[in-house]
Amino acid sequence: MSRMGIFGGTFDPIHQGHMIIAEQVAEALNLACVIFVPGGVPPHKTVSSVKASPADRLEMVQAAVRGNDKFDVDRVEVDAGRPMHSVETVPLIKERRGEPGDEWFFVTGADEVSNLLSWKDPDRLLEEAAMVAATRPGYDISDLKHLEEVLDNFDRIIPVQCTRVDISATGIRRMLAKGESVRYLVPDGVYETIHDRRLYGARKDGEQARQEERLSWRQKA
Ligand code: ATP
């Protein structure tokens, strides 16, 4: 019997804000594993607002979790190739990855929890997995009365105080488009993938470009 976490997101790209809440929620709730589930085409975002392909976002998530035994990735939503709601994804993951008697937690940032009424079947989702509301800068979760009044399973929402990290995927994409460095805002492997594949308008990593320049200079000499 284990306590298991599911962390869904667009991860466009995955960044240190995600890694920190996954680590701190796992510690606070004593989770044996956090399964990251990158969304194929998220139902609440338009296709054109998602910039990197599902395959690239999956690869970045795989690079990000490498080296952490407690973190894992599931590609069910990427393989589905269609929008999937969490209420559909969570039972599938439980079936694929769980054992009878496991306890399940769905990890989200506080902004998502405040919007829970716009999700498909929130009460059923809360039955499938308790929902963790990880603090996020700029979002106040002290007042969730609008949810308390409507949801039968409101007590299955668990706030967890995490270190507030003011990083967003939107901010990272903007910085890359302006040619600014996002090193250390994303895990190292993600940084390399972004530059190798020139995602989000990224140019080649500065060091890599310098090495190649030195090499071609030596070859010419
Ligand atoms: P975007 O800026 O493109 O909307 P994002 O940074 O919010 O992206 P998502 O992949 O949409 O990233 O987020 C997945 C989950 O992680 C969401 O539940 C979101 O609230 C949470 N999250 C993202 N960034 C942070 C952060 N800095 N602190 C706490 N939670 C976060």
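**Stop one: the aromatic rings**

Select F36, which is buried at 0% relative accessibility (buried means under 20% relative accessible area, exposed over 50%, partly exposed in between, with a 1.4 Å probe and protein chains only). Before going further, note that this is a predicted model, where local features need pLDDT of at least 70, side-chain atom pairs count only at pLDDT 80 or more, and totals for chains, interfaces and linings use all residues. Residues are numbered from 1 along each chain as its sequence is written, and side-chain values use heavy atoms, with hydrogens and water left out.

Rings of Phe, Tyr and Trp (its six-membered ring) pair if their centres lie within 6.5 Å; planes under 30 degrees apart are stacked, over 60 edge-to-face, and the rest tilted. By that rule there are five aromatic pairs. In one of them, the ring centres of F7 and F36 sit 5.4 Å apart with planes at 50°, so this pair is tilted. F7 belongs to strand β1 and F36 to strand β2 (residues 33-38), 29 residues apart; helices (H or I, at least four residues) and strands (E, at least two) are DSSP runs, numbered from the N terminus. Colour F11 and F71 as well: together with F7 and F36 they form one aromatic cluster.

Next, pick F106, buried at 5% relative accessibility, and W119, buried with a relative accessible area of 18%. Their ring centres are 6.0 Å apart and their planes at 90°, so the pair is edge-to-face.

**Stop two: the ligand**

Show what is near the ligand (a heavy atom within 4 Å): 22 residues surround it, the closest being G109, D111, V165, A169 and T170. Which polar contacts (N or O atoms within 3.5 Å) can you pick out? A polar side-chain atom of D111 is 2.5 Å from a ligand oxygen, and an N or O atom in the side chain of H15 is 3.0 Å from an oxygen atom of the ligand. Over at I167, a polar backbone atom lies 2.9 Å from a ligand nitrogen.

Jump to T163, in the loop between β6 (157-160) and α8. T163 is partly exposed, at 44% relative accessibility. Setting aside neighbours within four places in sequence, T163 is in contact (heavy atoms within 4.5 Å) with I20 and Q24.

Finish at I158, in strand β6, partly exposed at 23% relative accessibility.

Terms used
Polar contact = N/O pair within 3.5 Å; in protein donor to acceptor, adjacent residues only side chain to side chain.
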